[in-house]
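Hi everyone, thanks for making time today. Let me put the structure up on the screen, and then we can walk through it together.

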Amino acid sequence: MEQNVTFHCQDIELEGIWAAQSPTSATIITHPHPLYGGDMCNAVVETVSSAYQNKGWSTLRFNFRGVGRSQGTFDDGIGEQEDLTAATDFLNSKGVSYIEWAGYSFGAWVMACRARDARWAGIPMRFIAPPVGFIDFNPIHPIPGLRQVIIGAGDELAPQQHCESIATRWNPQVKVDVLPGADHFFWNQMNTLQKVLEANISLIKP
C-alpha cells in the first residue's frame, strides 16, 4: 500500500510516495522534466511503479526539488542529482539491502549524470525514453549498472538509432527494448510498457 513520505536533501524537504512490499528489494523511480510539467504522478512513472510492485518490490517515487510540495527550486539537473542521492539514503535508512534506479526521460538523464560518480555507476538502472535528442548526455561515460533501456519507435526525443548507439557505449551488455508505435509519452502503450518491464524484473531475495 502506498503512503506519502518526506525526506531531507541537505536543508530542503522532499515529498515522495513509498510502497513497502519487500524488506530487501526496492526501486527509485524518477520523473520527467519539471519545467514541462513532470512530476511523480506522471502516467509513465506510475506504470513503472506498478510493474515493480507487481513483481513484489517496494517502490519510491518522489518529486524533485521545486515540484509539488518538494522544497527548493529547479536546479538544471545538479541539485536533482543530490535529490536522487537523498532518496537512495532514505531507502538505506529503511534497511533496504538491494536498490535499483528507474528513470523516465529527464529522470533518466539525472541518473546518467549521477552515474559519472564512481560511487553510483554500478547501481542497477533502467532508463525509459532517455531524451538523447533533447538533452546533452555527453560526455559519454560507462554506466556498468545499466541493465535495460526502453524506447518507443516513434520517439523524437529519444530517437531509436541514437539511443541504441549511446546505450551500448554506456554498457555493451545492456538490453534495449523498442516498442513499435510508441512515442515519448507511451500513449496507448502503457500496458505494453508494463509487460516489458515485468518480463525483466526479478525479485532479489535475501
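**A short tour, from hairpin to helices**

Let's begin with strand S2, where Ala 19 has Glu 2 standing opposite it. One thing to keep in mind as we go: this is a predicted model.

Glu 2 belongs to strand S1, residues 2-9, and S1 pairs with strand S2, residues 12-19, in the antiparallel sense. Eight bridges join the two. Two residues lie between the strands of this hairpin, and here Gln 10 takes a positive phi near 55 degrees.

Now on to helix H1, which covers residues 43-54. How far apart are its end C-alpha atoms? They are 16 Å apart, and that agrees with expectation, because 12 residues at 1.5 Å a residue should span 16 Å. Have a look at the start of H1: a side-chain oxygen of Asn 42 comes to within 2.8 Å of the backbone nitrogen of Val 44. Val 44 is also one of the buried residues of H1, and others among them are Val 45, Val 48, Ala 51 and Tyr 52. Just after H1, you will find Gly 56 with a positive phi of about 95 degrees.

Last stop: helix H2, residues 78-93, packs with helix H3, residues 106-114. Their axes are 9 Å apart, and the angle is about 85 degrees. So H2 is roughly perpendicular to H3. Where they meet, H2 brings residues including Leu 84 and Thr 85, while H3 brings Phe 106, Val 110 and Met 111, among others.

That's the tour, and I'm happy to take questions!

Methods: Residues numbered from 1 in each chain as written. Predicted model: local features only at pLDDT ≥ 70, side-chain atom pairs only at ≥ 80, totals over all residues. Heavy atoms only, no water. Helix = DSSP H or I, 4+ residues; strand = E, 2+ residues; numbered from the N terminus. Expected span 1.5 Å × (residues − 1). Buried < 20%, exposed > 50% of the residue type's maximum accessible area, 1.4 Å probe, protein only. Polar contact = N/O pair within 3.5 Å; in protein donor to acceptor, adjacent residues only side chain to side chain. Pairing = 2+ DSSP bridges. Axes fitted to C-alpha atoms, helices over the stretch in contact; angles between N-to-C directions. Parallel < 35°, antiparallel > 145°, perpendicular 65-115°, else oblique. Contact = heavy atoms within 4.5 Å.
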